[in-house]
Amino acid sequence: MTGLYTADQVRTAEEPVLARTPGGALMQRAATGLATACLRLVGRAVGVRVTLLVGAGDNGGDALWAGAALAGRGAAVTALLLDPGRAHAAGLAALRRAGGRVVTDAAAAGLGRADLVLDGITGIGGRGGLRPAAADAVARAVAGPGLLVAVDVPSGVDADTGAVEGEAFPAQHTVTFGAVKVGLVVGEGRGHAGVVHLVDLGLDLPAPAARQLTDADVAALLPDPGAGDDKYSQGVVGVHAGSATYPGAAVLCTGAALRTRPGLVRYAGTAADGVRAAWPEAIVTDGRPADAGRVQAWVVGPGGGTDDEARSVLAEVLATDLPVLVDADALTLVSREPQLVRDRTAPTVLTPHDREFTRLGFDLGADRVGAARAAAAALGATVLLKGDATVVADADGTVFVNGTGTPWLATAGTGDVLSGVVGALLATGLPAVEAAAAGAHLHGRAGQLAAAAGPLIASDVVAHLPAAVHRLTDRVR
Ligand SMILES: NC(=O)C1=CN([C@@H]2O[C@H](COP(=O)(O)OP(=O)(O)OC[C@H]3O[C@@H](n4cnc5c(N)ncnc54)[C@H](O)[C@@H]3O)[C@@H](O)[C@H]2O)[C@@H](O)CC1
Ligand SMILES: Nc1ncnc2c1ncn2[C@@H]1O[C@H](COP(=O)(O)OP(=O)(O)O)[C@@H](O)[C@H]1O
Ligand SMILES: [K+]
């Protein structure tokens, strides 16, 4: 499990370390880790051309000290001071001692031929988008050939939310200190951070603001069946989705549930013929949910319509004391009658994309974690807000940010697949927030495996679910 932290949490955790270590020691740890990471990324130091973008705070100090270390190993280092009067004094002196050049004119900073650019403009102290001089330097860096490495946080990215107002540094790698910040893995920050490398500063950290599951975490939540298991003990999931005219959502959702946890899937609805033809393993009825037989969790909504019949099916399912995943058309129905969800005591997972989220009546600004958390608290449900970094929030404030996936998942029907995956995990008895977070992780991994063969369609994601499950568990054996 990777803990995700806010800037305030990191600052607070730094205080006791700052108090008990000599002045500058923590920055030395950070800068040494940064220089080591850079050496690993570029493979050597001698003759490597490095440009440092140096702002007015300690983030610039980190860049200067790391630049001094690289210069000491034979790199040709140039520091561009964006606020010359306020550059970190000790770091600047160290760079000069090591033979680094210092300039104040972006045109003279060698960005057109740098091998490596270190962004030390702002870190956790940054506010808002880049100011004009910084934005100009970043544009020159982007136009040049250098590897773009952000120091702690890509400048212009809000460390807490991932929000970008205006311009920000588009890093290929981010070397972050002490703890991974929430804003590096969600919203626009995720796209700007590139690959995130964590440098341990030995901080005593509190409970994280949010979490990210690893493959090993998901494997632990999804044990293989044992000798004592039968098809019922693995969890029976019920699916109500699709229609006679549009059986696709039902076929994808049922298939995804089967391919995730093939104990037993019961389908009820008017796409019965299509589901029977596609998945002979499913137990199918064209009746109501009550006609399907006993299940441990329901998935309702994908392709199910929003008419009176769909409303009555949704009400029937939500009136059970079982975990229910509500998706797609059923979310539209919930937006009209949110008390259908609020009144429940059993777990409910809602899986909106952005438009469905706003239709539910919640504001979606640049803070996706905050928005999902507020919606979950208001509805007393688990909210899975889809996106390139899907956010899963529980009513008690627990948040997971998904770290797997590929933009190729932006294709019709992949949401129906996700519903089937999470439904199957709910039926195993996992707590709703863990089922949703693990399901998003697995769905993303299956998407990545499918995309390895080129552009994917939703059925490819279903087909790759067994391999995704297998690879998770394989890694911890
Ligand atoms: N506290 C510590 O001892 C440590 C801090 N570290 C570094 O210190 C950083 C935090 O340093 P600071 O608190 O000095 O803050 P930063 O260096 O992150 O940024 C603050 C400075 O940037 C300017 N600034 C803010 N927004 C800007 C914008 N949009 N465009 C241009 N300039 C802007 C401000 O005027 C201020 O001078 C961390 O991110 C990390 O890199 C590390 O060295 C580890 C140890
Ligand atoms: N740019 C992207 N990068 C990664 N994953 C994405 C991206 N866009 C969408 N997805 C994922 O694809 C799925 C799309 O779901 P949804 O919008 O409900 O599609 P549909 O309704 O067609 O099934 C979600 O799991 C979402 O997280
Ligand atoms: K930075």
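Two strands pair if DSSP finds at least two bridges between them. Keep in mind that this model is predicted.

Q: How do you know that strand β2 and strand β5 pair?
A: You need at least two bridges. Strand β2 (residues 49-54) and strand β5 (residues 116-120) share 5 bridges, in the parallel sense, so they count as a pair. Zooming in, Thr51 has Val117 of β5 as its bridge partner.

Q: What makes β4 and β9 edge strands?
A: Follow the open sheet along its 7 strands: β4-β3-β2-β5-β6-β7-β9, with parallel pairing. β4 (101-103) and β9 (195-199) each pair on one side only. From one strand to the next, the twist averages 20°.

Q: Why is α15 called largely enclosed by the rest of the structure?
A: A residue is buried if 20 or more other C-beta atoms lie within 10 Å of its own. In α15, 14 of the 14 residues are buried, so the rest of the structure largely encloses this helix.

Q: How do you know that the span of helix α15 agrees with what it should be?
A: Helix α15 covers residues 414-427, which is 14 residues, and at 1.5 Å a residue it should span 20 Å. Its end C-alpha atoms are 20 Å apart, so the two agree. Just after α15, Gly429 takes a positive phi of about 100°.

Q: Which residues does UniProt list for "domain: YjeF N-terminal"?
A: The unreviewed UniProt entry lists residues 4-209. In the model, the end C-alpha atoms of residues 4-209 lie 6 Å apart, and the span is 36% helix and 19% strand.

Key:
Residues are numbered from 1 along each chain as its sequence is written. Chains are lettered from A and ligands numbered from 1 in the order in which they are written. This is a predicted model: local features need pLDDT of at least 70, side-chain atom pairs count only at pLDDT 80 or more; totals for chains, interfaces and linings use all residues. Helices (H or I, at least four residues) and strands (E, at least two) are DSSP runs, numbered from the N terminus. The expected span of a helix is 1.5 Å times one less than its number of residues. A residue is buried if 20 or more other C-beta atoms lie within 10 Å of its own, exposed if 12 or fewer, and partly exposed in between; C-beta atoms are placed from the backbone. Axes are lines fitted to C-alpha atoms, for helices over the stretch in contact, and angles run from 0 to 180 degrees between N-to-C directions. UniProt positions are given in the numbering used here, feature names are shortened, and annotations may be inferred rather than shown by experiment.
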